[in-house]
Amino acid sequence: MTNNKLSSRQTFLIGLMVFSLFFGAGNLIFPAGLGGEAGENTWSAMAGFLITGVALPVLGLVAIANVSGDGNTEKLAQKVHPFFATILTIITYLSIGPLMAAPRTGLVSFEIGVAPFLNQAYSAIGLFIYNVAFFGVVYYLALHPSKFVDRFGKVVTPVLLIILGVFILTSILNPISDFQPPQGQYANAPFFSGVKEGYLTMDTIVSIIFATIIINAIKEIGEFNQTARKNIILKAGVISAIFLSLVYLGIAYIGASSSTLSFTSGADTLSEVANNYFGLPGNFLFGLVVIFACLPTAVGLLSSCAWYFNKLFPSISYKFFLLFFVVFSATVANIGLEKLIQFSVPVLNVVYPVIIALILLSFINKYITCDEIVYRGVVGMTLLVSLNDGLTAFNPNWDYINPFVTLPFSDLGFSWILPAVIVGVIAKGVSLMVIHLKK
């Protein structure tokens with residue numbers, strides 16, 4: 001029997017699970033660094049950050065729910081071409097999963113949560129032991145995706161929120177210093193600088209990957225039609241967005257109210273602030289926060305990758321793909337991420353704008369029909385500009401656009417927007433002409 005409703009408690013727990021999937025170590029560090037640099041302009045900068053760091057990822061979740069009943073990411077791009085959709089999805093899963101983000105969860109959680117307590121001489125063996133344990137737990141948790149809501153929504157996220165709440169509340173009640181004058185880009189354009197910082201979290205890409213987990217979690221609870229699933233995802237997305245926004249604002253406040261201590265990064269800020277308020281136990285608690293933040297993200301990324309490739313190659317089991325991706329991620333985390341990041345970041349610079357363009361098209365299509373002509377025009381132009389950005393990230397001499405024309409918003413990472421809009425309008429006109437001629 002198909003249901004149309006989910007209890008408020010179950011929806012809330014799914015929302016907490018979504019929060020834990022999104023809230024990795026980078027999401028912890030970015031707002032702290034922003035607050036430290038933005039100072040008196042923190043709130044205007046955070047307004048921009050929340051648009052690209054929270055609102056866009058939630059739109060990504062809803063977009064997948066709109067186009068697919070089972071969380072199939074490929075359907076987002078099928079109007080361009082089925083082959084293009086498959087290739088884009090494979091590149092997205094691999095780049096944001098085992099090639100970069102998943103290994104980084106192990107490395108970052110070790111460097112911030114464990115390494116400060118180790119003698120430097122034992123750091124290499126310590127990293128190896130930690131990664132074996134960390135990715136062993138990741139494998140165990142990812143073996144049972146149906147239990148994500150119970151484990152993350154009921155256990156991990158509440159612990160994470162309680163510890164973060166203690167840090168934030170302590171900072172509000174007893175700030176280390178007043179907000180200082182803004183520095184660098186935050187002095188002249190705090191809002192747009194915040195937009196760029198939120199964009200750089202790349203959570204919008206992650207959202208279309210995690211949509212699979214959320215839809216499957218809903219299916220484990222009961223049978224719902226697609227409209228009901230969309231409503232559940234929207235509500236869960238809003239719940240996660242509220243918690244993400246509150247935590248981001250709190251962490252930004254910590255950074256802004258401790259900027260006189262002149263930390264070099266958001267991680268240093270949070271670590272030293274924790275030590276300032278609570279001494280060595282504070283550092284221990286902060287280490288737990290980082291580990292609890294990284295663990296669900298790693299589980300979500302690798303579980304989603306295994307699910308997708310198992311669907312692509314049904315003859316190979318989900319467990320085999322999961323084990324392969326976990327071992328690969330653990331190995332990379334031990335060897336080092338620098339070369340992979342050098343490769344993955346430019347690739348993501350190409351993929352990220354295309355994903356955002358597809359998400360926006362899926363919503364525009366609800367009000368203005370966007371056929372294959374529009375999709376191919378917009379995505380093609382976005383891909384052309386973003387490909388140039390990706391090549392430039394590999395080698396600054398490979399810039400084939402800016403020497404001839406300076407595109408608006410290029411300093412914010414949105415150089416693709418105006419060309420995509422212009423081509424989209426032209427493509428819509430062409431589409432209407434083709435329809436008219438066929439009559």
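**Exercise 1.** In this predicted model, work out which side chain meets K154 in a salt bridge, and how the pair sits in its helix.

*Solution.* 
- Start with the contact: K154 pairs with D150 in a salt bridge, at 3.2 Å from N to O. That falls inside the 4 Å cut-off.
- Now check the cover. K154 has 40% relative accessibility, so it counts as partly exposed. D150 is partly exposed too, with a relative accessible area of 40%.
- Finally, look for others: searching the whole structure turns up one salt bridge.

**Exercise 2.** Find out where helix α12 bends, and compare its end-to-end span with that of a straight helix.

*Solution.* 
- Grab the ends first. α12 covers residues 266-312, 47 residues in all, yet its end C-alpha atoms are only 39 Å apart.
- A straight helix would reach 69 Å at 1.5 Å a residue, so α12 comes up short.

**Exercise 3.** Identify the residues that make up the nonpolar surface patch containing L360.

*Solution.* 
- The members are L59, L360, I364, Y367 and I368, and together they have about 490 Å² of accessible area.
- Zoom in on L360, which lies in helix α14 (residues 338-364).
- With 35% relative accessibility, L360 counts as partly exposed. That clears the patch cut-off of over 30%.

Terms used:
Residues are numbered from 1 along each chain as its sequence is written. This is a predicted model: local features need pLDDT of at least 70, side-chain atom pairs count only at pLDDT 80 or more; totals for chains, interfaces and linings use all residues. Side-chain values use heavy atoms; hydrogens and water are left out. Helices (H or I, at least four residues) and strands (E, at least two) are DSSP runs, numbered from the N terminus. The bend at a residue is the angle between axes fitted to the seven residues ending there and the seven starting there. Patches are made of residues with over 30% relative accessible area and no salt bridge: like charges are joined within 9 Å, nonpolar side chains (Val, Leu, Ile, Met, Phe, Trp, Tyr) within 5 Å. Accessible areas come from the Shrake-Rupley method with a 1.4 Å probe; for residues, only the protein chains shown count as cover. Buried means under 20% relative accessible area, exposed over 50%, partly exposed in between (1.4 Å probe, protein chains only).
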